[in-house]
Every structure is written in structure tokens, then in C-alpha cells.
Amino acid sequence: MADKIKNAKIVFVVGGPGSGKGTQCEKIVAKYGYTHLSSGDLLRAEVASGSDRGKTLQAIMQKGELVPLDTVLDMIKDAMIAKADVSKGYLIDGYPREVKQGEEFEKKIGAPALLLYIDAKGETMVKRLMKRGETSGRADDNEETIKKRLDLYYKATEPVIAFYEQRGIVRKINSELPVDEVFAIVEKAIDELK
Ligand SMILES: Nc1nc2c(ncn2[C@@H]2O[C@H](COP(=O)(O)OP(=O)(O)OP(=O)(O)O)[C@@H](O)[C@H]2O)c(=O)[nH]1
Ligand SMILES: Nc1ccn([C@@H]2O[C@H](COP(=O)(O)OP(=O)(O)O)[C@@H](O)[C@H]2O)c(=O)n1
Ligand SMILES: [Mg+2]
């Protein structure tokens, strides 16, 4: 089954909480028709299903901690296979969260062609998430959990960027700019892929 996705273009979208990953992915989908898979959204869907597994996940996410690697990877892989026949490429949003997650993804699925590094200042991310929290209904968009997510991002996820920089596939995107200006930079990076 995994053979089907071996030749697909894979783009990792990495950045801190609230940096704007989801916002840019939506725009990429609209222009390029890629399949957007947000690992956070997949996990939230499992929570919403009310399953036992969802209950365990909810407790972890509420604390801003990382869900076990195999759980997330299996969900992403299943979702990729489900879209294999129609997909022009995949946006893997919010994964890998740590270097080990990237290594396992490559073992089980394949190598990314590009890593979009969505970069905003810590204070900007906190501000955006506090604002989003007014309406998002996300249990983790509160001050305490945001701080933990941010700490974990700097500790565990930033090394992912350094890891893929050695391969020359990282494109750093300044997401302090207005959304459309950010997207103009994103477009250049995606166009280079073709
Ligand atoms: N000014 C500005 N605001 C943005 C930009 N991108 C996103 N935002 C705002 O920041 C908030 C967070 O954006 P998301 O796209 O949900 O961020 P994310 O990186 O997917 O966040 P997580 O799902 O928490 O990982 C949203 O409410 C957006 O309105 C941007 O480029 N510029
Ligand atoms: N690869 C992933 C993605 C999300 N998660 C969990 O899901 C939560 C929300 O992820 P997200 O990508 O939607 O949001 P941010 O934390 O990036 O803002 C994280 O804080 C983690 O608890 C995870 O453990 N592993
Ligand atoms: Mg998101």
C-alpha cells in the first residue's frame, strides 16, 4: 500500500504554535491542489470521535505535550494512503515535532522534497494564539498551555530544522508579514519544486 505514495511530493511545514502553518497550507491547497494533512487536526478529530484513544490523546494535548510518535505517524500514513490516487503532493503540517519523528517518517513513508520553515517571533505567536483562543474552542489555546507548547517547540522542534538544513531543503519563511506577503514567499519555494 505504501508503494502508492513513494513517488509523491512531500512537503513538511514546520513552525511554532500559531506561526501560521495552517493559514499558509490553506492557500497552498487553493493554488496547487496539494493534500493538506495537519497532524494536530488529525489528532483533534480522534479526540472528537470520543474513542478511548481520543480520551488519552486529549489529556496529552491539553498539557501541551507530545503524543507518542507511532500514534501520529500511523494517522498520517493512513490519511496519505487514502488520498494516494488523487494527490499531487502532500503538505505535512505540524510534523515532525522532533528529529526522531522525521527519521521514522522517512523509514515508513519517504523523504521530504522541501521543508517550509514558518518563522515568527515568540511574542507574535503568543499574541496570535491568545486572539485565536477567543473563538477557536481549542482546549490548548490558553496562556498556560501556549507557554508549554512554545517551550517544547524551541527544545524539540527547532533541531528538526537544523537536521534538514544539512540537506539543503529548508526554505525559511518570515511569517511576521501580512498573510499574502508571506504567501508570495511560499509560492516561490513551491514553484522551485516543479
Ligand atoms: N498577521 C498575520 N497573522 C497571521 C498570519 N498567519 C496566521 N495568522 C494568524 O495567526 C493565527 C494562527 O494561525 P494558524 O495558521 O492557525 O497557525 P498554526 O501555525 O497552524 O497554529 P497551530 O495550529 O497552533 O500550530 C490565526 O488566527 C491567523 O489569523 C500571518 O502571516 N500574518
Ligand atoms: N506531530 C504532532 C502534532 C500535534 N501533537 C499534539 O497536538 C497539539 C496541537 O498541535 P497543532 O499542530 O495543532 O498545534 P501547535 O501546538 O503547533 O500550535 C500539540 O500541542 C501536541 O500535543 C503532537 O503531539 N504531535
Ligand atoms: Mg495549525
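This is a predicted model: local features need pLDDT of at least 70, side-chain atom pairs count only at pLDDT 80 or more; totals for chains, interfaces and linings use all residues.

Reader: OK, and how much of ligand 2 does the protein bury?
Author: The protein buries 96% of the 510 Å² that ligand 2 exposes when taken alone.

Reader: What about Lys21, how far is its side chain from ligand 2?
Author: An N or O atom in the Lys21 side chain is 3.4 Å from an oxygen atom of ligand 2.

Reader: Which residues come nearest to ligand 2?
Author: Pro17, Arg44, Glu65, Val67 and Arg149 do, out of 18 residues around ligand 2. By class, that shell has seven charged, seven nonpolar and four polar residues.

Reader: Which helix gives the most to that shell?
Author: Helix H2, residues 39-48, which puts in four residues.

Reader: Let's switch to ligand 1. Where does it sit?
Author: Ligand 1 sits in the largest pocket, and ligand 2 sits in the largest pocket too.

Reader: Which elements give two or more residues to the shell around ligand 1?
Author: Those are H1, helix H6 (122-136) and helix H8 (179-191).

Reader: And which residues come nearest to ligand 1?
Author: Of the 16 around ligand 1, they are Gly20, Lys21, Gly22, Thr23 and Arg132. The shell's classes are seven polar, five charged and four nonpolar residues.

Reader: How far is the Thr23 side chain from ligand 1?
Author: An N or O atom of the Thr23 side chain is 2.6 Å from an oxygen atom of ligand 1. Ser19 has a polar backbone atom 3.3 Å from an oxygen atom of ligand 1, while a polar side-chain atom of Arg128 lies 3.3 Å from a nitrogen atom of that ligand.

Reader: How much of ligand 1 is buried by the protein?
Author: Taken alone, ligand 1 exposes 640 Å², and the protein buries 74% of that.

Reader: Which residues does UniProt place under "binding site"?
Author: The unreviewed UniProt entry puts that feature at Gly18, Ser19, Gly20, Lys21, Gly22, Thr23, Arg132 and Leu177. Of these, Lys21 is included in the lining of the largest cavity.

Reader: Where is Gly20 found?
Author: Gly20 is in the loop between strand S1 (10-15) and helix H1 (21-32).

Methods. Residues are numbered from 1 along each chain as its sequence is written. Chains are lettered from A and ligands numbered from 1 in the order in which they are written. Side-chain values use heavy atoms; hydrogens and water are left out. A residue is near a molecule or strand if one of its heavy atoms lies within 4 Å of it. A polar contact is a pair of N or O atoms within 3.5 Å; within protein, one must be able to donate a hydrogen and the other to accept it, and residues adjacent in sequence count only if both atoms are side-chain atoms. Accessible areas come from the Shrake-Rupley method with a 1.4 Å probe; for residues, only the protein chains shown count as cover. On a 1 Å grid over the protein atoms alone, a cavity is a set of points where a 1.4 Å probe fits but cannot get out, and a pocket is an open set with protein on both sides within 12 Å along at least five of seven lines; lining residues have an atom within 4 Å of a point. A molecule sits in a cavity or pocket if more than half of its atoms lie within 2 Å of its grid points. Ala, Val, Leu, Ile, Met, Phe, Trp, Tyr, Cys and Pro count as nonpolar, Asp, Glu, Lys and Arg as charged, and the others, Gly among them, as polar. UniProt positions are given in the numbering used here, feature names are shortened, and annotations may be inferred rather than shown by experiment.
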